[in-house]
Amino acid sequence: MRRIGVFVCWCGTNIGATVDLETVMEKARQMPGVVFAGDNKYMCSEIGQTLIRDTIVQERLDRVVVASCSPRMHELTFRKTAAAAGLNPYLVEIANIREHCSWVHKDKAEATQKAISLVRTAVAKAARNKPLQADQFAVTHRALVIGAGIAGIQAALDIGETGFEVDLVERTPSIGGRMAQLDKTFPTLDCSACILTPKMVDVAVHPKINLYTYSEIEAVEGYVGNFEVTLRQKARSIDKEKCTGCGICYEKCPSKVDGEFEEGMSKRKAIYVPFPQAVPNVPVIDRENCRWFTKEKCGVCKKVCPADAVDFEQSDQLIKQKYGAIVVATGFDLVDLDEFGEFGYGKHPDIITSMEFERLVNASGPTGGKLLRPSNQEPPRNVVFIHCVGSRDKSRGKPYCSKICCMYTAKHAILLKEKYPKSQAYVFYIDVRTAGKEFEEFHRRAVEEYGAAYLRGIVGKVFPSGDKLLVNGVDTLSNQTVELEADLVVLATAITPRRDAAALGRMLGIGTDGHNYFVEAHPKLRPVESHTAGIFLAGTCQGPRDIPETVAQAGGAAAKAIALLSKETLLSDPCVSNVNESLCTGCLACLPVCPYKAISEKTITEKVHGQERRRLVAEINNALCQGCGACSTACRPGAMNLLGFTNEQLLAEVDAICL
Amino acid sequence: MSVVEEHHLFEPMIVAFCCNWCSYAGADLAGTGRMSYPANVRIVRVPCSSRVSPNFILRAFQRGADAVVVAGCHPGDCHYVSGNYHARRRFSALRRFLEFVGIETERFEIHWISASEGNKFAAIMKDVTDKIRVLGPNRKLRDVR
Amino acid sequence: MKITTAQLNGELKAEIAQISGEHVADCYQCGKCSAACPVNEYMDILPHQVLRLLQLGMTEKVLESKTIWVCAACFTCAGRCPRDVDLAVVMEALRAVLLRKREGSRLKGEEMPALLRKGMPEQGIVSGFRKYTK
């Protein structure tokens, strides 16, 4: 016979006011196997835990049921309590009489009846609990950071500083990300490159950071502490060791294509460095546009290279590496504006996105920092800025607020006025959102000192008229429609996660929301962790945010990764599937339902009537199994059983409920 | 006693299998938000909706449950990648089986309830209870005891 | 301007919601409908104001306006609305409320051949039916 102890928590008045706990205890004492029932005002307090520990020893309890709040809240607490008294922690069960009972039912008699039933169910399950042992496994002391924008750079530096090896993987030929494209930053107007490039150099020279640019994630396997990742380092066609970064190759290259870094505002060569401060400062050959690779002629770069670094024969390298922790920092894209025909983007060169505006005012941009109209290279006089293009738009765009547009548009209005004192900025807005340190002051400065005309309304149509653009809008404060002649129209385009974020999420086994932002483990309390242990999130891949927030989050993600990497071993969850080989028929119906490839087949030899026989059975890899139980359900002979949630335990629960 | 009165007095027993990551957390949230629903519902915590074997559901009906609800993460959001898809397939087959043996299909429901949908959890539980109150007790498959 | 709770939740507002099937509370007054409207210059109140007045329950004010009759029922506002509020349908509901209360349909089928002969564009007749029949 079992010796089960039932501990009932009042949770102050949270449970005690709605459930008659005296009756619950009285009934509990009559349940099969129960030898003790006691209560405490707060079972999770030191006094409550002492009661549990002492009773386990005094009453020689072999199972413990705590009737309290949700197991998601305090299961771990009470497991530790039991362990401290020498009881296997997995012999503890929780009856959730707060969230599932006292808080949702008002009638005391009903709630008491239900609480008794919940305790009975937990007792029935506990009676069938088995002691389980958690395995220890070693942690690989190396981190992977995916994406080398400001978030990835910061995370890599923070992890590298503690002495752990970090691999920083970047898809494009250079690190720097979106921040490298920006001109100035709000609300301080310090130059983006001036604060970013030193960090990029730090990354390049850091002894613990290994840079993989022009590389992508090919496959991810494994689990927390032991991820096994395959990287594809794409062929640069340049020998990095030999290249001196002199730049003769791209001066001489005859093929020109739209430059991605310049948002298509200027041309780059087929062999190129994306921008002057690129790290590493090694060119790359864009094979799709290179004459050597498309037409098998030219080869000028190879001829002129003084270091003989050009190597047309290079091929993609697959690199396999083990990591203890992964930080995902893949950043953002802009929404596609094809759906928004009324703004005329793409139909006229003077209708541009804010990102393009950043390049036009940037000293290293296509115009050398002179803000000129793309159509005729003349200074603009009237510039119309339109907020919320694709943001807060549930019919054609994204329903969420992109968060940064109000502030960078104020910045653009200020930069415009500083460059051309006679110019005029018009800003069409729906709401101006300036929640942030010095943000409101900055916005007011744009209005009061720099004379930006803010019009509360949105634009219905933009169309060319002569060499100008006609803008039809509205000002809903004066209830007047507005017609404006503009030289330049700037669209504050909504941000979205990178187009292939969902695919990467699937590879990593981390969830994405309806807009493909990666989902944090808890919106308030675990904002930098993903649902998958050992994978952390930083920057705009998790939601729209500005630079300081991104840096803070990257630091947080790095701290979490460091805490994980500094452990020598981790404990595995022992609630994994278990095969009863004598029942297993080797049908392997379990194999295809396992999402973690934790099941394999193995051949066992057994003696039947004195004869040796070999047969096939399923085998579980405990380290890979995450304990979902899909295999236990799929198993026809009932050989597969998920420990902690066995068939016997769950059936006992059902029986106890329906008693 | 009229049929209506009998139904009115009848308090159904409803067993809900909730996955730990979404629906059980959703039920917790219903508690945290004090969203009341009928006390007829008893929740069994499972790691994933794919852990719920048709056996458990049949056993519940056999032991006298008047309705069974299986709740899991929304399709695509499964904590274990694909568990709820297995559950969905499995239970669409089970539903037809239950119909075949004469159990009203209203007595077996599958729902996708995320960890943030406490109000949805409470609403579904209320809805199921109301429906079963009208439908009356489950007499099929029930053990003679 | 005085706002009362009774006015905010008026019967007429509910009737318009029922006829149109549109949820005016979804509108956040960006003004895109007004900016995009091809006939806005002939209106006494702008399209976004129609929604605002409806949100505040000032239904009478909207029913008195010229705007609901100036509306060309071209659906540009509906196509551009970021909040999925079909203002063209709301306008139609407003006209229907008046037409049902007053004289009934203003446009009759038998008048069509004559109108067409006068060179009335077919699109005009279609939107005319939308506007002037109950």
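Colleague: Which strands of chain A make up the open sheet with parallel pairing, and in what order do they lie?

Modeller: Strands of a sheet pair through backbone hydrogen bonds, either parallel or antiparallel. In chain A of this predicted model, an open sheet of 5 strands runs in the order E20-E27-E21-E22-E23, with parallel pairing, where strands are DSSP runs (E, at least two residues; helices are H or I, at least four), numbered from the N terminus, and two strands pair if DSSP finds at least two bridges between them. Strand E20 (351-353) and strand E23 (453-456) of chain A are the edge strands, each pairing on one side only.

Colleague: Over how many bridges do strand E21 and strand E22 of chain A pair?

Modeller: Strand E21 (residues 382-389) and strand E22 (residues 424-429) of chain A pair in the parallel sense over 5 bridges, and Ile386(A) stands opposite Phe428(A) in E22(A).

Colleague: How many residues of chain A are in contact with chain B, and which helix supplies the largest share?

Modeller: Two residues are in contact if their C-beta atoms, placed from the backbone, lie within 7 Å. Here 37 residues of chain A are in contact with 37 residues of chain B, and H19(A) gives the largest share of the chain A side, 7 residues.

Colleague: What should I keep in mind about the numbering and the confidence limits?

Modeller: Residues are numbered from 1 along each chain as its sequence is written, while chains are lettered from A and ligands numbered from 1 in the order in which they are written. As this is a predicted model, local features need pLDDT of at least 70 and side-chain atom pairs count only at pLDDT 80 or more, whereas totals for chains, interfaces and linings use all residues.
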